[in-house]
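Dear colleague,

Please find below the structure that I am handing over to you. My findings follow directly after it.

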Amino acid sequence: MPLIPRSSYYTKDYRQTAALIRARQPFLVKNIFTGLGIASFAIGIYAFTISAVAQDDFSDVQVPDAVEQPPHTPHTGALRTPPEGSGRQ
């Protein structure tokens with residue numbers, strides 16, 4: 001027998017007891033309104049950010065031409081051919 005008795009608002013199969021439901025009842029409406037307020041605030045910030053970014057106009061920004069590599073620059077990509085005589089195929 002344990003020295004301290006188990007006191008919980010949950011049953012052995014982790015379901016809410018009637019005492020927990022009664023204890024949470026006064027806060028149910030307040031918690032729902034608080035959750036809705038936080039969610040609407042986050043959605044409002046998201047909508048404002050998307051609308052602010054959509055208004056950006058980059059037509060006045062000049063994009064420089066791409067710099068071409070000179071013809072003597074070796075290929076440095078991931079697919080390289082092994083040097084002659086290295087034994088690899």
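The protein contains two helices and zero strands. Please note that this is a predicted model. Of its 89 residues, 1% are buried. The protein exposes about 9400 Å², and carbon and sulfur atoms supply 62% of that area.

A nonpolar patch lies on the surface, formed by L28, V29, I32, F33 and L36. Together, these residues have about 530 Å² of accessible area. One of them, I32, is located in helix α2, which covers residues 28-54. Is I32 exposed or only partly exposed? Its relative accessibility is 46%, so I32 counts as partly exposed. The reasoning rests on the cut-offs: a residue is buried under 20% relative accessible area, exposed over 50%, and partly exposed in between.

As for charged contacts, the structure holds one salt bridge. Which residue does D13 pair with in a salt bridge? The partner of D13 is R15, and the closest N and O atoms of the pair are 3.6 Å apart.

With kind regards

How values were computed
Residues numbered from 1 in each chain as written. Predicted model: local features only at pLDDT ≥ 70, side-chain atom pairs only at ≥ 80, totals over all residues. Heavy atoms only, no water. Patch = residues over 30% accessible without salt bridge, like charges linked within 9 Å, V, L, I, M, F, W, Y side chains within 5 Å. Areas by Shrake-Rupley, 256 points an atom, 1.4 Å probe, with all protein chains shown as cover. Salt bridge = Lys/Arg side-chain N within 4 Å of Asp/Glu carboxyl O. Helix = DSSP H or I, 4+ residues; strand = E, 2+ residues; numbered from the N terminus. Buried < 20%, exposed > 50% of the residue type's maximum accessible area, 1.4 Å probe, protein only.
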